[in-house]
Amino acid sequence: MSAKREFALKQYLPHLEISQLERPIDLCHVLARDEIVIDLGSGMGDHTTQLAADNTHLGVLAIDVHTVGLCELSEFVAINKLENVRTHHGDGLDVLNGWLLPESISEVHILFPDPWPKARHHKRRLLQPNVVEKIIQVLRPGGVLRFVTDDANYYEHAMEILCANQSLIQDASAWDVPLTTYHRRALRLGNVINSISFRKLASS
Ligand SMILES: C[S@@+](CC[C@H](N)C(=O)[O-])C[C@H]1O[C@@H](n2cnc3c(N)ncnc32)[C@H](O)[C@@H]1O
């Protein structure tokens, strides 16, 4: 790792991490914001940084196991003095497993998750029925789960899971898919990009 990233890892990232906070964590309170968005699988951090910089009224939680991306993100946050970003450098499933105050999150974004294209690896995909249940628990009533992929089979897999869930309804309103590292890659490859959004029903 470069010295610059090493510096970010030691000096910037620890200030953003939520793992040591008392649980359940109320990110609205922590960030003094009314609305919180989770970027689950934040990669190089492009979506989180853009979203947080352009919408300072929002709080954004970036989650990834990937160290380099979080180093870049934390450096951007420090240089630009953003006060509305937090991170978890680790498994997003841990965060969804009771770390957060129930019904406290406005949106969860899963952008270009690893597709695991081989059928025998589909069980490794991030979006699974039990994970959707966990996401529903943290979403506010009316909160939105957004999922974007350039893998046709993963799109079908996601649609099947999300349409079958009685607590969600598809939201057809327009949303500009953020231009992330993997979005750019998909465009370069000429892949079809599918973006879907589902809203948590008020009575679920
Ligand atoms: C294909 S990349 C996409 C990154 C970014 N969203 C983008 O659009 O450029 C998927 C990311 O999800 C992360 N990831 C996969 N499973 C994860 C998990 N359980 N918890 C946290 N991050 C995860 C990977 O480390 C990787 O950075």
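In which loop is Phe112 found?

## Backbone features

Phe112 is found in the loop between β4 (105–111) and α6 (129–138), where helices (H or I, at least four residues) and strands (E, at least two) are DSSP runs numbered from the N terminus. The phi of Phe112 is near 50 degrees, a positive value in a residue other than glycine. A cis peptide bond, with omega about 0 degrees, joins Arg23 and Pro24, and Pro24 lies in the loop between α1 (3–16) and α2 (27–31). Most residues other than glycine have a negative phi, and most peptide bonds are trans.

## Basis of the model

This is a predicted model, in which local features need pLDDT of at least 70 and side-chain atom pairs count only at pLDDT 80 or more, while totals for chains, interfaces and linings use all residues. Residues are numbered from 1 along each chain as its sequence is written, and side-chain values use heavy atoms, with hydrogens and water left out.

## The ligand shell

The ligand is surrounded by 15 residues, each with a heavy atom within 4 Å of it, and the closest are Gly41, Asp64, Gly92, Leu111 and Thr180. At least three residues of this shell come from each of domain 1 (1–19 + 37–101) and domain 2 (102–204), with bounds taken from an automatic or database domain assignment.

## Polar contacts

Among the polar contacts (pairs of N or O atoms within 3.5 Å), a ligand nitrogen is 2.9 Å from a side-chain N or O atom of Asp91. A ligand oxygen is 2.7 Å from a side-chain N or O atom of Thr180, and a backbone N or O atom of Tyr182 lies 3.0 Å from an oxygen of the ligand.

Terms used: Polar contact = N/O pair within 3.5 Å; in protein donor to acceptor, adjacent residues only side chain to side chain.
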